[in-house]
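Student: I have a chain open in my viewer and would like to talk through its fold with you. Could we take it step by step?

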Amino acid sequence: MGSRHFEGIYDHVGHFGRFQRVLYFICAFQNISCGIHYLASVFMGVTPHHVCRPPGNVASGYLVVGFVYVMEFIGMKSRTWASVHLHSFFAVGTLLVALTGYLVRTWWLYQMILSTVTVPFILCCWVLPETPFWLLSEGRYEEAQKIVDIMAKWNRASSCKLSELLSLDLQGPVSNSPTEVQKHNLSYLFYNWSITKRTLTVWLIWFTGSLGFYSFSLNSVNLGGNEYLNLFLLGVVEIPAYTFVCIAMDKVGRRTVLAYSLFCSALACGVVMVIPQKHYILGVVTAMVGKFAIGAAFGLIYLYTAELYPTIVRSLAVGSGSMVCRLASILAPFSVDLSSIWIFIPQLFVGTMALLSGVLTLKLPETLGKRLATTWEEAAKLESENESKSSKLLLTTNNSGLEKTEAITPRDSGLGE
């Protein structure tokens with residue numbers, strides 16, 4: 001496919017029409033279930049004799065695939081808001097966990113009620129089509145054309161011929177059978193030294209985001225006051241965090257917002273450590289600020305990771321980040337348990353990691369306004385474009401300083417005379 005962009009498809013059939021909205025809300029509804037499966041363990045963990053645990057591993061697999069799926073079905077004009085607010089439904093799951101835990105104190109009934117949220121998605125998931133991005137990358141052009149035609153029909157738009165739009169030869173042998181596509185594994189995320197640094201930095205951000213997210217949530221029972229209300233408030237604050245991300249990232253860029261959010265979460269962790277325990281309300285408010293910041297970073301890293309890598313490894317990149325994320329979610333309860341040694345160990349650990357991640361984030365390329373990369377060459381251009389902008393800015397600054405010097409020199413020489 002070379003360096004052709006698939007984004008032009010959505011210019012014809014619509015960036016977020018009826019077809020995409022239906023798919024979006026089907027997948028978003030299941031995100032409520034993901035939030036429930038993850039956060040239900042907060043209160044189940046408080047009573048260790050209950051060995052039953054929510055199926056968190058299954059939910060994590062869906063969360064990654066569902067995010068990439070939704071992102072590839074929505075055009076660039078609506079992708080930011082749609083993909084980031086997908087996490088708002090996860091936050092709704094957190095609210096339901098707190099509310100159900102408060103109202104239902106029988107553990108098995110609590111589990112049964114929360115598990116029923118998954119049922120509607122199970123009934124609908126069988127009708128979900130493959131994304132045109134994936135079908136085209138696999139060489140299944142005729143199937144991709146059928147999906148594009150269906151999208152155009154649902155959105156009441158005129159369809160487009162992929163053969164004309166992308167200059168494809170649909171009459172050749174590739175039209176009837178998938179092309180031989182090279183399988184990609186984890187090593188492809190270390191394609192060269194530049195991509196290797198990018199991958200390691202992204203993984204660190206995933207780790208920090210997950211560690212902070214679950215540390216704040218799990219530590220809600222140690223903040224004082226009502227633990228159900230604490231968890232509910234920490235879930236509520238996520239929704240405005242995602243709205244902030246959507247507004248800010250389109251104005252100042254993904255990298256700046258991500259770094260700012262990480263720095264703010266590090267600062268909040270530091271402030272929590274100096275608040276006396278008797279002022280637990282102030283501690284809860286500061287924890288909400290920290291959860292707001294880390295929630296913004298955690299919500300943004302999904303979209304940012306997907307934009308940093310080409311189509312052929314996009315799911316692998318987000319999936320590997322989620323793998324690192326799961327490692328952090330495993331360590332989070334142990335970090336919270338260490339508060340028995342010193343109550344502020346979780347905040348110290350999260351704050352240090354957030355500060356380091358924020359500094360390294362500034363080294364990543366900006367993806368604001370860029371089309372989704374389809375090849376490694378296009379992904380590598382993000383780095384070169386970032387460096388060229390930096391050099392242009394430096395050159396402009398130097399030229400400005402030189403012009404000021406030249407303007408001052410004649411006056412100085414005149415005064416000397």
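Student: How many helices and how many strands does the secondary structure of the chain come to?

Tutor: Good place to start, and keep in mind that this is a predicted model. No strands turn up in the chain, as their count is zero. The helices number 18.

Student: What share of the residues in the chain is buried?

Tutor: The chain has 417 residues. Buried here stands for under 20% relative accessible area. The share of residues that are buried is 51%.

Student: And what percentage of the contacts with a separation of 6 or more comes from residues 24 or more positions apart?

Tutor: Here we count contacts in the chain with a separation of 6 or more. Within that set, residues 24 or more positions apart account for 81%.

Student: Which residue class has 16 members in the contact of α14 with α15?

Tutor: On the α14 side, the contact includes V257, L258 and L262. On the α15 side, I294, L300 and Y304 are among them. Four residues of the contact are polar and three are charged; the class with 16 is nonpolar.

Student: Where do the buried residues of α12 sit around the axis?

Tutor: In helix α12, residues 227-236, the buried residues are Y228, N230, L231, L234 and G235. An α-helix has 3.6 residues a turn, so residues three or four places apart point the same way.

Student: Is V313 buried or exposed?

Tutor: V313 belongs to helix α16, residues 311-337. Its relative accessibility is 0%. The cut-off for buried is under 20%, so V313 counts as buried.

Student: How far apart in space are V313 and W376, C-alpha to C-alpha?

Tutor: In sequence, V313 and W376 are 63 residues apart. In space, C-alpha to C-alpha, their separation is 9.4 Å.

Definitions and conventions. Residues numbered from 1 in each chain as written. Predicted model: local features only at pLDDT ≥ 70, side-chain atom pairs only at ≥ 80, totals over all residues. Heavy atoms only, no water. Contact = heavy atoms within 4.5 Å. Helix = DSSP H or I, 4+ residues; strand = E, 2+ residues; numbered from the N terminus. Nonpolar A, V, L, I, M, F, W, Y, C, P; charged D, E, K, R; others polar. Buried < 20%, exposed > 50% of the residue type's maximum accessible area, 1.4 Å probe, protein only.
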